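User: Here is the model I was asking about. Please take my questions as they come.
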Amino acid sequence: MSLSFVLDPPLTDALRADIVALWTDVTNAGGAVGFVAPVTRDQVRPVAEAALAGVAAGPDRLLVGVDDGRVVAVLFLADNRFPLKAHWRVLKRVMVDPASQGRGYGGALMREAAAVATRLGLAGLQVTVRDGHGLDRFYRGLGFREVGRVPGALRIGPGDDRDELFMWLDLPQPQEAASTAGSAAASATSADG
Ligand SMILES: CC(C)(COP(=O)(O)OP(=O)(O)OC[C@H]1O[C@@H](n2cnc3c(N)ncnc32)[C@H](O)[C@@H]1OP(=O)(O)O)[C@@H](O)C(=O)NCCC(=O)NCCS
């Protein structure tokens with residue numbers, strides 16, 4: 001894997017176009033990122049631009065995964081815009097280019113987001129998941145747990161209502177992070193031996 005991550009890259013026209021293209025392709029491959037397939041880039045663009053406006057003006061953050069110069073993974077760390085919820089973020093539009101899925105990129109993207117959030121001193125991360133895609137398994141594998149469910153909240157089409165799942169990840173708090181780093185350093189040392 002030659003994936004690398006950039007937090008809050010410059011929002012150039014080229015990057016904006018790459019994100020719209022990725023979001024469209026992911027949706028049309030069956031992804032659950034705010035739309036139901038089929039969609040066109042023109043339909044995705046205003047929604048993507050609204051999400052990017054929240055990054056350009058703050059307080060949201062954008063994490064991009066790049067492989068061989070290509071944008072292959074994206075997520076937004078969305079601020080709750082509410083002082084009583086300032087200690088956690090919602091991860092939105094978690095997506096990997098269909099051609100690059102199943103190679104560990106999604107997991108790596110999520111671990112990077114958790115590392116960013118830990119550095120920001122946050123207490124937790126939440127994702128909102130469309131039921132029926134098996135996505136809860138992806139998030140459970142990364143330590144998230146289901147903390148809520150709204151039955152039939154999402155009307156995908158006539159006769160196709162899906163539950164909306166709320167999943168949560170507790171982030172290590174400063175003391176825990178320090179002790180985890182300490183034991184990681186210790187095990188790296190012993191692995192060397
Ligand atoms: C969900 C997504 C980001 C995962 O990315 P990925 O690069 O394919 O995932 P990884 O290769 O890192 O897989 C990590 C693990 O999650 C599992 N997994 C990945 N996608 C899954 C899915 N849709 N359903 C069930 N399990 C899944 C993998 O099997 C793997 O399990 P393993 O560690 O036991 O082998 C990607 O499939 C995607 O972009 N989907 C479309 C967009 C979408 O629906 N996003 C979710 C918004 S809530």
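User: Where is the place of Pro38?
Analyst: Pro38 sits in the loop between helix 1 and helix 2. Helices (H or I, at least four residues) and strands (E, at least two) are DSSP runs numbered from the N terminus. Residues are numbered from 1 along each chain as its sequence is written. The model is predicted: local features need pLDDT of at least 70, side-chain atom pairs count only at pLDDT 80 or more, and totals for chains, interfaces and linings use all residues.
User: Which residue does a cis peptide bond join to Pro38?
Analyst: Ala37, with omega about 0°. The bond from Gly58 to Pro59 is also cis, with omega near 10°, and Pro59 is in the loop between helix 2 and strand 2 (61–67).
User: What is phi of Asp8?
Analyst: Near 50°, which is positive in a residue other than glycine. Asp8 belongs to the loop between strand 1 (3–7) and helix 1.
User: Why is Asp8 partly exposed?
Analyst: Because 15 other C-beta atoms lie within 10 Å of Asp8. The cut-offs are 20 or more for buried, 12 or fewer for exposed and partly exposed in between, with C-beta atoms placed from the backbone.
User: And what about Arg93, where does it lie?
Analyst: In strand 4. Phi of Arg93 is near 55°, again positive in a non-glycine residue. Arg93 is partly exposed, with 19 other C-beta atoms within 10 Å.
User: New topic: at roughly what angle do the axes of helix 1 and helix 2 cross?
Analyst: The axes of helix 1 (residues 13–28) and helix 2 (residues 41–56) cross at roughly 120° and come within 9 Å. That makes helix 1 oblique to helix 2.

Definitions and conventions. Axes are lines fitted to C-alpha atoms, for helices over the stretch in contact, and angles run from 0 to 180 degrees between N-to-C directions. Angles under 35 degrees count as roughly parallel, over 145 as roughly antiparallel, 65 to 115 as roughly perpendicular and the rest as oblique.
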